[in-house]
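This report looks at pockets, at paired charges and at one residue within a helix. Please have the sequence and the model at hand while reading.

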Amino acid sequence: MALSDLHVDHRPRVAAERRARMRRALVESALLVFAEKGLEASVIDDVIRAADVSRGSFYNHFRTNAELLHAANEELSNEIASAIETVVLNYASPTARLIVGVRMYMGVARRFPLFAAFLAQVGLHFVGPGNLLYAYLPVHIEMGFANGEFRRTPMLAALDAIVGAGVLAVTRIARGEADEDYLAGLLLALMRGLGVADSVTAGWMAIEQPALEFADDSLLERSHRRFTALQDASSR
């Protein structure tokens, strides 16, 4: 076999990696712009400037404002949901999984103000049909129904109560309206709705919160670094 026959053409892989990097830069920039300007603003020009790309490069990935928002929503929400799911699976009790998971979600909002600001702007648009919360949560809820930890209610009602509470909590965190008493009270009320005794909820809330880490190249960490740098620059 000739040496030339062993040559591997790396150009398709390199092009795919370049395309993925460009898309990540656009989504990351979209988070910054949507968090500042809100849903109703036409952000394409701002995103092009923030990502430092050409208009043609932008339209190679996204055609509309709505398409860009959907991508930013789905990528960020699923990154957070997947990280939390990995941790809560260490608990056998569905009560513990929900309490720890909700607390982690609130913790992400407090640790990453850009995420909180973005969710405060997009509201329930953040929890569209592609959101992995709607894949993970029903498993834990049904387990709680089956073993008697939760009072059985329609699944959709339980899902909406949990997800809706999470969105509202993050919105209040973004606005500086959520102290520890508020967050504890919200979690107690949420678990009461599922039939969990306050003493059980308080017991799980008292445990040390497990660590939740994101990779340095995750969308959450990358956008946070850019957000922090912009905040620092504007304060000088």
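## The second largest pocket

By class, four nonpolar residues, one polar residue and one charged residue make up the lining of the second largest pocket. The model is a predicted one, and the space in this second largest pocket comes to about 150 Å³. The residues that line the second largest pocket are L32, V33, E36, F227, L230 and Q231. Two or more of the lining residues come from each of the helices α1 (11-37) and α11 (219-235).

## The largest pocket

For the largest pocket, the computed volume is about 200 Å³. Its lining is formed by R103, M106, G107, R110, E180, L183, A184, L187, M205 and Q209, and by class this lining holds five nonpolar, two polar and three charged residues. At least two lining residues of the largest pocket are supplied by α5 (94-111), and at least two by α9 (180-193).

Side chains of opposite charge can pair when their charged atoms come close. Across the whole structure, the search finds 12 salt bridges. One of these salt bridges joins the side chains of D45 and R55, with an N to O distance of 2.5 Å. This pair links distant parts of the chain, since D45 belongs to helix α2 (residues 44-51) and R55 to helix α3 (residues 55-59), 10 residues apart. D45 is partly exposed because its relative accessibility is 36%, and R55, with a relative accessible area of 43%, is partly exposed as well.

A salt bridge also forms between D46 and R49, whose closest N and O atoms are 2.8 Å apart. Here both partners, D46 and R49, lie in helix α2 at a separation of three residues, about one turn of the helix. Is D46 buried or exposed? D46 counts as buried, because its relative accessibility of 16% falls under the 20% limit for that class. R49, by contrast, is exposed, with a relative accessible area of 58%.

The side chains of R111 and E213 meet in a salt bridge in which N and O are 3.8 Å apart. Because R111 lies in helix α5 while E213 lies in the loop between α10 (198-205) and α11, the pair ties together parts that are 102 residues apart in sequence. R111 counts as partly exposed at 37% relative accessibility, whereas E213 is exposed, with a relative accessible area of 59%.

## T95 in helix α5

Helix α5 also contains T95. T95 has a relative accessible area of 2% and is therefore buried, the limit for that class being under 20%. Which residue does the side chain of T95 meet in a polar contact? The partner is E149, whose side chain makes this polar contact with the side chain of T95 at 2.5 Å.

Once its neighbours within four places in sequence are left aside, T95 is in contact with E149, F150, M191, V196, V200 and W204.

Methods. Residues numbered from 1 in each chain as written. Predicted model: local features only at pLDDT ≥ 70, side-chain atom pairs only at ≥ 80, totals over all residues. Heavy atoms only, no water. 1 Å grid on protein atoms, 1.4 Å probe; cavity = no way out; pocket = protein on both sides within 12 Å on 5 of 7 lines; lining within 4 Å. Points joined across faces, edges and corners; volume = space filled by probe spheres on them. Helix = DSSP H or I, 4+ residues; strand = E, 2+ residues; numbered from the N terminus. Nonpolar A, V, L, I, M, F, W, Y, C, P; charged D, E, K, R; others polar. Salt bridge = Lys/Arg side-chain N within 4 Å of Asp/Glu carboxyl O. Buried < 20%, exposed > 50% of the residue type's maximum accessible area, 1.4 Å probe, protein only. Polar contact = N/O pair within 3.5 Å; in protein donor to acceptor, adjacent residues only side chain to side chain. Contact = heavy atoms within 4.5 Å.
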